[in-house]
Amino acid sequence: MKKILITGGAGFVGSHLCKRLLNEGNEIICLDNYLTGSKKNVIELLDNPYFELVRHDITEPYYAEVDEIYNLACPASPVHYQYNPIKTIKTSVMGAINTLGLAKRVKAKILQASTSEVYGDPAVHPQPESYWGNVNPIGTRSCYDEGKRCAETLFMDYYLQNQVKIKIIRIFNTYGPNMNPEDGRVVSNFIVQALKGEDITIFGDGTQTRSFQFVDDLVEGMIRMMNSRDGFIGPVNLGNPGEFTMMELAFKIIEMTGTRSKIIHKKLPTDDPTQRKPVIDLAKKELNGWEPKVALEEGLVKTITYFEELLSGEAVSVKL
Ligand code: NAD
Ligand code: UDP
Ligand code: UDP
């Protein structure tokens, strides 16, 4: 049994990771300040004596004796991370310093949840890990993009200077149950709008692309990365190479939900990347042939079912 710290564990991705690692017989400390996550996401785990939920802000030091750390604490939706940009960058940078300091002290392995956003509005398509990116350092997305880039730098420097056992993953757009309905990201927005019969809001002309990964595929990749051979530190892309325009996504969700919602167009946010698609050769090679298994339609069915239950009051998240 390993003792594992998951920062941001009460968020969307973190809650799935907590559940999976707990079910595999590990002891979990789930640390969260509930900025965008919620106790409700892990409520079913609270009775398990090997699960501990801690309210803590990772910009402050934290002390525990653990074997592994997954560092996920950071708001991930543009709406949320731009709400308090200074707090966002503090969370990435000071959160990295504190979790790395902890990893150094207790000699734990530590995995950083970085992001495809480090590629910015990419001039290279699709994006391999070797691409350095095209990021505006002073724009509205910079608090997130540059915070995550700086966190990667800190991870590398703790590895080089202090021999901390690090792993870096770059996550591409991921969706699934436990997304916050108010999250503001495109998949949850379109599904919630469709289920409520509200207008579906496409930002810009809808020709921009994203590659959508179902959360179970991501969690599998994260665990394989944590257990990858010593000396393999990444960064490694984890994403689904299937690439869709926002228009295609909207049509798919309209068709699948049978909604009468209409599409409307809103202003494209500044610095919104025009395209995004991962090269996943490195993940396949280093993570025992890892590749996404869940196609977009299949993942959307599960996500739509989750939001249907949530909105009709059946899911635990709204029972509380
Ligand atoms: P989320 O917003 O659902 O989860 C983030 C969690 O971190 C929340 O529970 C939040 O309350 C917590 N948190 C935020 N600031 C904190 C702080 N200062 N101290 C302690 N906890 C704090 O987002 P998510 O989609 O689950 O993302 C998890 C991680 O994966 C993030 O680091 C994000 O940058 C990264 N990521 C996610 C995606 C994606 O598409 N889901 C893509 C790229 C990277
Ligand atoms: N830290 C922490 N928990 C620990 C050990 C360290 O939160 O178990 C914090 C510590 O407060 C410091 C940061 O991690 O601010 C970096 O620690 P490190 O030892 O690398 O640097 P130093 O303490 O020398 O500044
Ligand atoms: N988007 C959209 N309508 C929405 C929310 C987002 O058209 O209601 C677009 C957004 O402009 C972007 C894409 O969908 O081009 C993905 O946005 P999201 O916020 O999910 O993630 P990110 O931009 O961080 O990839």
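Here are a few friendly points on the predicted model shown above.

1. Some housekeeping comes before the details. Residues are numbered from 1 along each chain as its sequence is written, while chains are lettered from A and ligands numbered from 1 in the order in which they are written. As the model is predicted, local features need pLDDT of at least 70 and side-chain atom pairs count only at pLDDT 80 or more, whereas totals for chains, interfaces and linings use all residues.

2. Look at ligand 1, which is surrounded by 27 residues (a residue counts if its C-beta atom, placed from the backbone, lies within 6 Å of the molecule). The closest are G8, G11, V13, T36 and G37. Helix 1 (12–23) and strand 5 (109–115) are the elements that give two or more residues to this shell, and helix 1 gives the most, with three. Helices here are DSSP runs (H or I, at least four residues), as are strands (E, at least two), numbered from the N terminus.

3. Ligand 2 has P61, Y62, Y63, I97, N98, G101, L102, K104 and R105 around it.

4. Two cis peptide bonds deserve a look. One runs from H125 to P126, with omega near -10°, and P126 sits in the loop between strand 5 and helix 4 (142–162). The other joins G234 to P235, with omega near 0°.

5. K107 is not a glycine, yet has a positive phi of about 60°. K107 lies in the loop between helix 3 (85–106) and strand 5. K107 is exposed, with 10 other C-beta atoms within 10 Å (exposed means 12 or fewer other C-beta atoms within 10 Å of a residue's own, with C-beta atoms placed from the backbone).

Conventions:
A residue is buried if 20 or more other C-beta atoms lie within 10 Å of its own, exposed if 12 or fewer, and partly exposed in between; C-beta atoms are placed from the backbone.
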